[in-house]
Amino acid sequence: MSTEQPSREQSKVSTTLAGKVEKVIRPHPGSGEPEKAQIAVEGADHLYREIRVPNTLTDSHGQKVKLKEGAEVEVKIEADPVVTKTGLENIRGTNSTTTA
């Protein structure tokens, strides 16, 4: 019998959305800013669908790599279960009963 606690990663709730790199934004020379990848997230509201993240990734061999324009990506959102609520709760956290 094992008494191991589930890892923090295993206990998180998550969703994954498809995305596409729309463009790679190069910083102004001398600004010290990192290059960024602008990603359009499918399923997000129109005005909020684009995110910009540093264009620095690490491959399975530990090598630094960058995303290319047009690359298909996945955007994963994770949270600890304690900061979520079930789908049965409405926005105010009360029961939704309707009377006529």
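Where does Gln38 sit? Gln38 is in strand 2, which covers residues 36–41. Hold on to that residue; we will come back to it.

Some ground rules. This is a predicted model, where local features need pLDDT of at least 70 and side-chain atom pairs count only at pLDDT 80 or more, while totals for chains, interfaces and linings use all residues. Residues are numbered from 1 along each chain as its sequence is written, and side-chain values use heavy atoms, with hydrogens and water left out.

Now the overall picture. The protein has zero helices and six strands. Helices (H or I, at least four residues) and strands (E, at least two) are DSSP runs, numbered from the N terminus. Read from that end, the order is β-β-β-β-β-β.

Next, the surface. The protein has 100 residues, and 13% of them count as buried. Buried means under 20% relative accessible area, exposed means over 50%, and partly exposed is in between, using a 1.4 Å probe and protein chains only. The accessible surface is about 8700 Å² (Shrake-Rupley method, 1.4 Å probe). Carbon and sulfur atoms hold 51% of that surface.

Then contacts, meaning heavy atoms within 4.5 Å. Take the contacts between residues at least 6 apart in sequence: 49% of them join residues at least 24 apart.

Four strands form an open sheet in the order 3-2-1-6, with antiparallel pairing. Two strands pair if DSSP finds at least two bridges between them. Which strands stand at the edges? Strand 3 (50–54) and strand 6 (72–79) do. Each has a single partner strand, so one side of each has no neighbour in the sheet. Neighbouring strands here are turned by 40 degrees against each other on average, direction ignored. The axes behind that angle are lines fitted to C-alpha atoms.

Look at one pair. Strand 1 (residues 13–25) and strand 2 run antiparallel, joined by six bridges. Ile25 has Lys36 of strand 2 as its bridge partner.

Back to Gln38. Is Gln38 buried or exposed? Gln38 is buried, at a relative accessible area of 6%. Beyond its neighbours within four places in sequence, Gln38 is in contact with Lys20, Val21, Glu22, Lys23, Ile25, Glu50, Ile51 and Arg52.

Glu35 lies in the loop between strand 1 and strand 2. Glu35 is buried too, with a relative accessible area of 15%. Setting aside neighbours within four places in sequence, the contacts of Glu35 include Val24, Ile25, Arg26, Pro27, Val53 and Lys66.

Methods: Axes fitted to C-alpha atoms, helices over the stretch in contact; angles between N-to-C directions.
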